[in-house]
Amino acid sequence: MGSIRLEGIRKAFGSTTVIPGVDLDIEDGTFVVFVGPSGCGKSTLLRLIAGLEDVSGGRIIIDGKDVASLPAAKRGLSMVFQSYALYPHMTVRSNIGFGLKMAGRPRDEVKRKVDAVSEVLNLSALLDRKPGELSGGQRQRVAIGRAIVREPKAFLFDEPLSNLDAALRVQMRLEIARLQKSLATTTVYVTHDQVEAMTLADKIVVLNAGRVEQVGAPLELYTSPANLFVAGFIGSPRMNFVSGDLAAQLGATTIGIRPEHMLVSRDGPGWRGTVAAAEHLGSDTFLYIDVPKTDGITARAVGELGLKPGDDVRLAPDPARTHRFDAQGHAVRARNVS
Amino acid sequence: MARRASVTRTATITVVAWLAGFVVFFPILWMVLTSFKTELEAFSMPPKFLLFKWTTENYAVVQERSDYLAHVWNSVAIAFGSVLVSMLIAIPAAWAMAFAPTERTRGTLLWMLSTKMMPPVGVLVPIYLIYRDLGLLDTRLGLIALLCLGNLPIVVWMLYTYFKEIPQGILEASRMDGIGPVREVIFVLAPMALPGIASTILLNVILAWNEAFWTLNLTTSKAAPLTAFIASYSSPEGLFWAKLSAASTLAIAPILVLGWLSQRQLVRGLTFGAVK
């Protein structure tokens, strides 16, 4: 069991307020990802849940009990750190079993659990090594083993994959997803990488400057972002924003169109533009197009297009997938365009 | 050509280094040599370096006149006792300062160090009176307390510096593993900071062992350590150089052996964190 509820969580370091007030419900067994640009307070929020930082105000309720004043050791959570933070003076076996041993569990039980966890994580052959003798991916697996062996109420992951190379990151991402599904333990995962967020999460929490911008399932954030920030943050390449006349025609202060929702043609309908740059990736072509009255538009065309810089093109935004925002940057939901 | 130049250079550096080493070591060598001379030869001009009549008579006299082992025991008790107590206070203190600093941590550290800037003689009279009233004069307990407090700033500073080198994440990981502060220090921090803790202990044993001002002023006989044993040979009846040297040699022997055995650990600890 592990439901986590944040009520009016505030955090200030001296006179600097990092988190002005966060309310959030994390249901038991869900995989929640905190995502946002660096300095948005996502790691701080995770450390507040963990108990590694003290809250300046608000309540943290785990399984119905307010733990905000409990030390980290008594909250029954476990955490995987970006730096792995393995005990350098202990073997892999001791690293994984340390928490159980300190909790006074019988030796044969510790051994059985450590063996079972290392089996799952492919660590059985490495149990007698010290962390210094392991590769980055192996260290990461030991850190995960240490977290799961204690059967905590929830796992907390603090950017666990950012020290790994790209290929290993994809592999570990899949492993974490598979592991979480099989254990069905509540997981809070912090990352600045929106691909990790989109692929892992049941629910994404987008944070900006210590505030929750939007909470929702990955595709929900993609299809109906609540505001300009979420619209710009989720999706790659970034959503195009256009304001001024073109937006006013649609009854909005700003309109947003994703690069993949833009039909590119040589002489079809739509806005007139000139190709500034073209990136041919084989499966896709990313076009950077200069369009009058905009800051430039990015468009994604499937397949290989014979377009090169200097070519004139027409851009037709898909009207059903055009996002409209008001002067405050909030999404305008009504679809009926006058 | 280049190779020859470098050989000359190496040779020069080697000779200079040996000379410097010899100069530094000379007083100790001279003390040991003097301890094997007769009192007459100890004074002779020009001084005799190796060609004198070697005798162990001074050691016999020193042993006869005063109870060397009783002084050794006092020194051991005072040095190790004060270091043990100061470690028990300093490890939690340095842990708190290194891993949970406040705005005043820096100031506290400097304030602690500032107490070492005052000449001890400035507080001799008040401390003497307090010790007299508390009945702590000439007791091992009194000296343990005083040397512990005197060395505490250095101990805390050294440990603080070593602890700062330990990644905080590892301590946080142990907290997430459900481990309380006491066991965090014993099972996680201490093993990682072992070289630093060891060199702090060694350096402070040496400091406490050689401390002369307080040990001479606050003891008479019962708790008198080796410093008092040496001092007893520069007495109103006159200086006995050879016997004084013999006593000094005996006094530094234990700590010299300890330092020699632990020199690798000591050097490793003192340069700990210098190269990553």
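A bit of housekeeping. This is a predicted model, where local features need pLDDT of at least 70, side-chain atom pairs count only at pLDDT 80 or more, and totals for chains, interfaces and linings use all residues. Residues are numbered from 1 along each chain as its sequence is written, while chains are lettered from A and ligands numbered from 1 in the order in which they are written.

**Chain A overall**

Chain A has nine helices and 19 strands, which are DSSP runs numbered from the N terminus (helices: H or I, at least four residues; strands: E, at least two). Its C-alpha atoms fill a box of roughly 75 × 45 × 35 Å along the principal axes. Of the 338 residues in chain A, 39% are buried (20 or more other C-beta atoms within 10 Å of the residue's own, with C-beta atoms placed from the backbone). Take the contacts in chain A between residues at least 6 apart in sequence: 64% of them join residues at least 24 apart. A contact is a pair of residues whose C-beta atoms, placed from the backbone, lie within 7 Å.

In chain A, the contact between the domains takes five residues from domain 1 and six residues from domain 2. The domain 1 side of chain A has three nonpolar, two polar and no charged residues. For these classes, Ala, Val, Leu, Ile, Met, Phe, Trp, Tyr, Cys and Pro are nonpolar, Asp, Glu, Lys and Arg are charged, and the others, Gly among them, are polar.

Over in chain B, 10 residues from domain 1 meet nine residues from domain 2. On the domain 1 side of chain B, the elements giving two or more residues are α1 (2-35) and α2 (39-43). The largest share, four residues, comes from α1(B).

**A helix pair in chain A**

Helices α2 (residues 92-102) and α3 (residues 107-120) of chain A pack at about 135°, with axes 10 Å apart. The axes are lines fitted to C-alpha atoms over the stretch in contact, and angles run from 0 to 180 degrees between N-to-C directions. That makes α2(A) oblique to α3(A) (under 35 degrees is roughly parallel, over 145 roughly antiparallel, 65 to 115 roughly perpendicular, and the rest oblique). Among the α2(A) residues in the contact are A:Ile96 and A:Leu100, and α3(A) brings residues including A:Val114 and A:Val117.

Note on methods: Contact = placed C-beta atoms within 7 Å. Buried ≥ 20, exposed ≤ 12 C-beta atoms within 10 Å, placed from the backbone.
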